Amino acid sequence: MEQKRTTPERITSLGPNEIFVFGSNLAGMHGGGAAWVAYRKFGAIMGQGVGLQGRSYGIPTMQGGVETIKPYVDEFIEFAKSRQDLTFLVTRIGCGIAGFTDEEIAPLFEKAHEVANIVLPPDW
């Protein structure tokens, strides 16, 4: 069985056509964690909390419980399916400043396992 690629703990550079997927807030205030990295290195736009921006893609994680994150994850998965020309490197969204655990967030990405151009963290 072929080993599926996983995202590294820290992403410091991107290859051709790779997109950095990070946890954001709805206001798009990219002040810490992976959001800060997205802003400083990968073109995230201050004031834009959702979607493709530069070489990054924001998924809001700071607006409530896990159930409020799921619609944004579902939207991301559909977007990734429509952009097979890109590879999406998903960070451990929601598992830093937002305070969620891998066990809470990973199930939201269950359908992402079927999408070849989405790369997930180990054990997700």
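Predicted model: local features only at pLDDT ≥ 70, side-chain atom pairs only at ≥ 80, totals over all residues.
Biologist: What volume does the largest pocket have?

Modeller: The largest pocket has a volume of about 710 Å³.

Biologist: Which residues are closest to its centre?

Modeller: Gly-33, Ala-34, Thr-91, Arg-92 and Gly-96. In total, 35 residues line the largest pocket.

Biologist: Which elements give two or more residues to that lining?

Modeller: Strand 1 (18-24), helix 1 (33-41) and helix 3 (102-105) do.

Biologist: And which one gives the most?

Modeller: Helix 1, with four residues.

Biologist: How do the lining residues divide into nonpolar, polar and charged?

Modeller: There are 17 nonpolar residues in the lining of the largest pocket. Another twelve are polar, and six are charged.

Biologist: New topic. How many aromatic pairs does the structure hold?

Modeller: Ten aromatic pairs. Take Phe-20 and Phe-42: their ring centres are 4.9 Å apart.

Biologist: Why is that pair called tilted?

Modeller: Because the planes of Phe-20 and Phe-42 are at 35 degrees. Planes under 30 degrees apart would count as stacked, and over 60 as edge-to-face.

Biologist: Where do the two sit in the chain?

Modeller: Phe-20 is in strand 1. Phe-42 is in the loop between helix 1 and strand 2 (51-53).

Biologist: Are Phe-20 and Phe-42 buried or exposed?

Modeller: Both Phe-20 and Phe-42 are buried.

Biologist: Which residues form the aromatic cluster?

Modeller: Tyr-57, Phe-76, Phe-79, Phe-88, Phe-109 and Trp-124 form one cluster.

Notes
Residues numbered from 1 in each chain as written. Heavy atoms only, no water. 1 Å grid on protein atoms, 1.4 Å probe; cavity = no way out; pocket = protein on both sides within 12 Å on 5 of 7 lines; lining within 4 Å. Points joined across faces, edges and corners; volume = space filled by probe spheres on them. Nonpolar A, V, L, I, M, F, W, Y, C, P; charged D, E, K, R; others polar. Phe/Tyr/Trp six-rings, centres within 6.5 Å; stacked < 30°, edge-to-face > 60°. Buried < 20%, exposed > 50% of the residue type's maximum accessible area, 1.4 Å probe, protein only.
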